[in-house]
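This report concerns contacts between parts of a protein assembly.

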Amino acid sequence: MTTLVLIEAEGASIKKASLSAVAAARTFGSVDVLLVGPQGAQEAAKIDGITRVLHAETTPQLAESIAALIADRASEYDHIVSAATAYGKNVLPRVAGLLDVQPITEVIEIIDADTFVRPIYAGSALSTVRSRDALKVLTVRNANFDAAKLGDATAPIETVSTAVEVPDAAYVGIELTHSDRPELESARVVISGGRGLKDAANFKLLEPVADKLDAAIGASRAAVDAGFAPNEMQVGQTGKIVAPELYIAVGLSGAIQHLAGMKDSRVIVAINMDPEAPIFSVADYGLVGDLFEVLPQLKAELGA
Amino acid sequence: MGVTRDGEQGPNFAPGMILRARQTILTEGVRGSISQRVMKQFDLRQGVDPQTYGLGIKEVWEIPAEKHKPGFVQHSFGWPMDDGTYGGAWLYHFGENLVSYGFVTGLDYSNTWLSPFQEMQRLKAHPEFAKHLEGGRRLIYGARALSEGGFQALPRLSFPGGVLAGDSAGFLNMPKIKGTHTAMKSGMLAGEAIAETLGQEGSSEATSYTERFKSSWLFKELFEARNIRPAFARWGNRLGALYAGIDSVIFRGRAPWTLHFSHTDHEALKPAEKSKPIAYPKPDGALTFDLTSSVFLSGTNHEEDQPIHLKLRDPSKWLPVNWALFRSPESRYCPAGVYEALEEDNTMRLQINAQNCVHCKTCDIKDPTQNIDWCVPEGAGGPNYPVGM
Amino acid sequence: MKIVVPVKRVVDYNIKPRVKADNSGVDTQGVKMSMNPFDEIAVEEAVRLREKGAASEVVVVTIGVTEAQPVLRTAMAMGADRAILVQTDAELEPLAVAKLLKVIIDRENPGLVVMGKQAIDDDMNATGQILAARLNWPQGTFASSVTVEDGRITVVREADGGLETVRLALPAVVTTDLRLNEPRYATMPNIMKAKKKPLETIAAETLGVDIAPRLETVKVVEPPVRQAGIKVTGVAELVGKLRDEAKVI
């Protein structure tokens, strides 16, 4: 069984999400990777456990072209996989459409070659589905799979292209978001404050810690209602739903509406005066203490 | 629609509409905003008892199939309430392994420390309730005020251009805690009366509604139940229950006297220093729960960017009255955690979390100085209860 | 130019879905249903394009049970001109939906299809892309802004790490992301008007499309409840744990 993994490069290096997709795909058997774009093929060749790199150097970064390219070669594979990034989610369902396959998106667990677990209803339920399609087209959530390592091995690189005529679309460009602070929904680390911060001025105490961790800043609804932070910073059922690698809740009780917006974070830290605060019931690491003492210490401790 | 938090017209602002009709049937449920206005404007409550209310809080549970007995009905009163506080519970098995559990607290309670929510939670620990719910899981939570005044508290039912029906008037049969059949009947009678009025030249009030009511089974039903609730208000739960038995079994509801309600619910509240503090047990997370996780199960939500729909008519009254005298009763009677008394800069202030509101209207009823105005929020906001649960 | 907007009736986004006791799926009995929020954004965008003169007609389509009609009426109250219900009681997957939509689109011959990027029930995020593939049209997914000009559509897309711009020849499929617009309210006069707008019902089985499911649902469960971890005694211990044990910093 061979799997084709569509990977993405950022400059000359391979995105971590793609390395997770490769690791997930290796559970099926041998893996070929496909890289579209001028750079990154040398790096891709170093990914542990892959058979070869297909490099579509000249194919435009458009779903129409990439999907056609993959569909062209699909007969060689029984699984086609990518990370569930905006890139993968744009391309792979189109591949499935071309090949008359029902895609399975946002997979969080692979049970066997045909059976997968994926969240539905914004994570309120987990659905296990078995595919009857001969070919499986999947996107996988990188947070749920370890990343494949980059080793010393070098897989052969094969240049590929397609002559299939694709619909008329042109790539104009990309404007990368320039922000001193990452966006809440995509940040690797989120630090959120609650009403325990007492006022809007104190809310700024989160900033030095956030700077150290390159974290986005969030707020509980209570903090937003009290005017400490603007509404777009609200994390929770009615605000933004986040699932970072690390979530630090500061002076925030953990009302269930808030928990609904962050419970899928990989590691949760709670800092609160009240040892009974519900936030501790979901926190991996809880620190009972006065946040006005803890925050400066935390900044100092992270300083190194 | 589309008014912002500051009261400005937002980008999606859509003006309200004036709906004109020759006759309007008000069926807003208990303590309806328009009905309240109409009763005041047309003086419809003249000569009747003040309306008295209860706060019903309900949960729906899914229980193990082997425990489920479809059609099982259990009612209770008394514990955990003291003798002077009216309240009772129901527990019904229904549907597919579902149980409806609810608790009604008479809003004429006097102890400012009382929390209807906590009373409702702790009754579940009673063996007769716990044995049904153990091993199950809670699915839904909700709350709503009910009108308990019954017959004596019914206002004049018609006014020029409209009528009151259902709980807008207060047709609940309190001893039975049932109001659906009575509301439907009142709607039918209202419809008949209005049809007659619309056919008459120059007539603007459907006055025959009241006569139709008086000659219907609805009148008889409410009349016969009329003395039960006030007996509890007057003599407490034990003697009230004794009286209720005499009134309904011996007199069959036709006792030659009518008991009255002497005061409104908000007048009944006693200051904190005259009330006995109540120590409520901590939730165990299996049978009993905290407030925030409960409100979550009501599915309530409101568009954030709209004016706060719970207004203090006079914000300066809160500190000297609600806090100083009563220690913020709203933070206990509200079953949705809307009101919180917070300490800030060594003084207390009232935080209103309007987004949590489940539209039960208790604050509009029970605030000791009637200072809280429950306004209608932007369309589509509020709790989301599944149909038939 | 005609715009076709496919919409889906889903469990209202305020409802916390409940997994059925037999783990066969999510209980939708008696639950409030509404238009998929991403589809509302699609209807809004299509109506705006018509209001700007870039389109002449907006046709909404839904595929599903008869009870989905109110969703079409809502779309028409927001400004869509007419509606089509492809009636079926079967539970459909995105591939089948796209195939049915293709038949309708071949018949309607629109210049543009605008639809939500995903439905908030199955969270598949696939129907638009599959439809574009089967029509052999270009696609502009996860749109945060669209402009129609000279027979082409410029779509600004929510890509990884920024906003990507593509220009597509028409006809094309655009799928909407949250930031594209804020849908208008359906006002009472417009709700009344929508009742008189044409709504055509077509039985799905008359369209000659294979809609048999490709996926079998093995089980649906609630996600595991998160357990409390440990309490640390101080900041140094916390940072140590985050570094060495959790390896997140």
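Predicted model: local features only at pLDDT ≥ 70, side-chain atom pairs only at ≥ 80, totals over all residues.

**Domains of chain B**

The domain assignment divides chain B into domain 1 (24-52 + 149-263) and domain 2 (53-147 + 267-374). Their C-alpha centres are 26 Å apart. Each domain brings residues to the contact: 25 from domain 1 of chain B and 25 from domain 2 of chain B. The area buried between the two domains is about 2,100 Å², and carbon and sulfur atoms give 52% of this area. On the side of domain 1 of chain B, Val30(B), Arg31(B) and Asn237(B) lose the most area to domain 2, together 34% of what that side buries.

Three salt bridges are counted between domain 1 and domain 2 of chain B. Asp364(B) and Arg31(B) form a salt bridge, with their closest N and O atoms 2.8 Å apart. Two elements, helix 1 (33-41) and helix 7 (228-250) of chain B, each give two or more residues to the side of domain 1 that touches domain 2. Helix 7 of chain B supplies the largest share of that side, eight residues. By class, the side of domain 1 of chain B that touches domain 2 holds eight nonpolar, 11 polar and six charged residues.

**Chain B and chain C**

The contact between these chains draws 17 residues from chain B and 17 residues from chain C. Asn12(B), Arg137(B) and Asn384(B) supply 34% of the area that chain B buries against chain C, more than any other three residues. Arg137(B) also meets Glu222(C) through their side chains in a salt bridge (3.0 Å, N to O). On the side of chain B that touches chain C there are nine nonpolar, five polar and three charged residues.

The table sets out further values for the two interfaces.

| Interface | Buried area | Carbon and sulfur share | Salt bridges | Polar contacts |
|---|---|---|---|---|
| Chain B and chain C | about 1,500 Å² | 55% | two salt bridges | eight residue pairs |

**Helix 3 of chain A**

Helix 3 (residues 63-73) of chain A is largely enclosed by the rest of the structure, because nine of its 11 residues are buried. The buried residues include Ala63(A), Glu64(A), Ile66(A), Leu69(A) and Arg73(A).

How values were computed:
Residues numbered from 1 in each chain as written. Chains lettered and ligands numbered in written order. Heavy atoms only, no water. Contact = heavy atoms within 4.5 Å. Buried area = accessible area lost by both parts, 1.4 Å probe. Salt bridge = Lys/Arg side-chain N within 4 Å of Asp/Glu carboxyl O. Polar contact = N/O pair within 3.5 Å; in protein donor to acceptor, adjacent residues only side chain to side chain. Nonpolar A, V, L, I, M, F, W, Y, C, P; charged D, E, K, R; others polar. Buried < 20%, exposed > 50% of the residue type's maximum accessible area, 1.4 Å probe, protein only. Helix = DSSP H or I, 4+ residues; strand = E, 2+ residues; numbered from the N terminus. Domains from an automatic or database assignment.
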